[in-house]
Amino acid sequence: MCESISPIVEFTSVAKEFRHEYVVEKSRFITTICPCSTEEEAQAFISRINKEFWDARHNCTAFALGPKQEQQRSSDNGEPSGTAGKPMLEVLKKTGITNVVVVVTRYFGGIKLGTGGLIRAYSHSVAETLRLAPKELHTTRTQLQATIDYSMYGAIERYVQDQKLHYEASFGEHVDITILVPPTDVERIQKELQDMSHGAATCTILDSIEVVLPLEQ
């Protein structure tokens with residue numbers, strides 16, 4: 001009987017609090033996003049932004065929590081129904097980014113944008129802020145340790161970097177490189193390392209761990 005392999009649970013979130021401003025028809029849309037893992041954290045962040053921008057006409061909000069965005073909530077905060085919170089949440093759902101809370105603060109510029117204009121402005125504000133913000137991947141990686149001679153280190157390091165794998169090296173009598181590998185790629189990476197070293201590399205599969213990896217912008 002074959003042992004079933006648990007699916008890897010992974011998701012993308014923002015790495016840290018980030019802010020971006022967008023101006024349309026003299027209205028300022030200040031978007032602030034922050035990573036969070038619980039509704040309590042999300043609500044605390046919303047309260048903090050409300051205090052910071054106490055004089056703004058609107059502080060509209062949305063958040064998504066859980067690896068598959070299982071928990072979602074949004075608020076128009078006084079804007080016409082469906083013109084702010086829902087479009088903001090739809091952007092989060094479309095990107096798949098989760099464990100994040102977003103507040104869009106609006107300072108009215110004197111020119112009415114209309115229903116369509118508000119939807120576009122709030123959607124664009126969130127989408128652009130998410131695009132610019134540093135992001136990270138929460139996932140599982142298997143630790144593959146390769147023990148090699150110093151003469152192989154340069155080639156092996158270039159290979160690992162070309163594969164866009166995260167790694168650490170320690171130097172003693174030999175070089176030990178611990179590589180974080182997606183579980184589905186372990187056999188391939190191990191074989192390619194041994195092929196490169198003509199069988200001289202000693203590869204050991206260590207425990208799988210949960211990791212947070214930075215994503216390239």
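Analyst: The structure holds five aromatic pairs. Rings of Phe, Tyr and Trp (its six-membered ring) pair if their centres lie within 6.5 Å; planes under 30 degrees apart count as stacked, over 60 as edge-to-face and the rest as tilted. One of the pairs joins Tyr153 and Phe171. Their geometry is edge-to-face, at 5.4 Å centre to centre and 80 degrees between the planes. This pair links distant parts of the chain, 18 residues apart. Tyr153 sits in helix H4 (residues 153–162), Phe171 in strand S8 (residues 166–171). Helices (H or I, at least four residues) and strands (E, at least two) are DSSP runs, numbered from the N terminus.

The model is predicted: local features need pLDDT of at least 70, side-chain atom pairs count only at pLDDT 80 or more, and totals for chains, interfaces and linings use all residues. Residues are numbered from 1 along each chain as its sequence is written, and side-chain values use heavy atoms, leaving out hydrogens and water.

Now burial. Tyr153 counts as buried because its relative accessibility is 17%. Phe171 counts as partly exposed because its value is 49%. Buried means under 20% relative accessible area, exposed over 50%, partly exposed in between (1.4 Å probe, protein chains only).

Elsewhere, Tyr22, Phe29 and Tyr122 form one aromatic cluster.

Last, the domains. The assignment gives domain 1 (11–133) and domain 2 (137–215); such bounds come from an automatic or database domain assignment. The C-alpha centres of domain 1 and domain 2 lie 40 Å apart.
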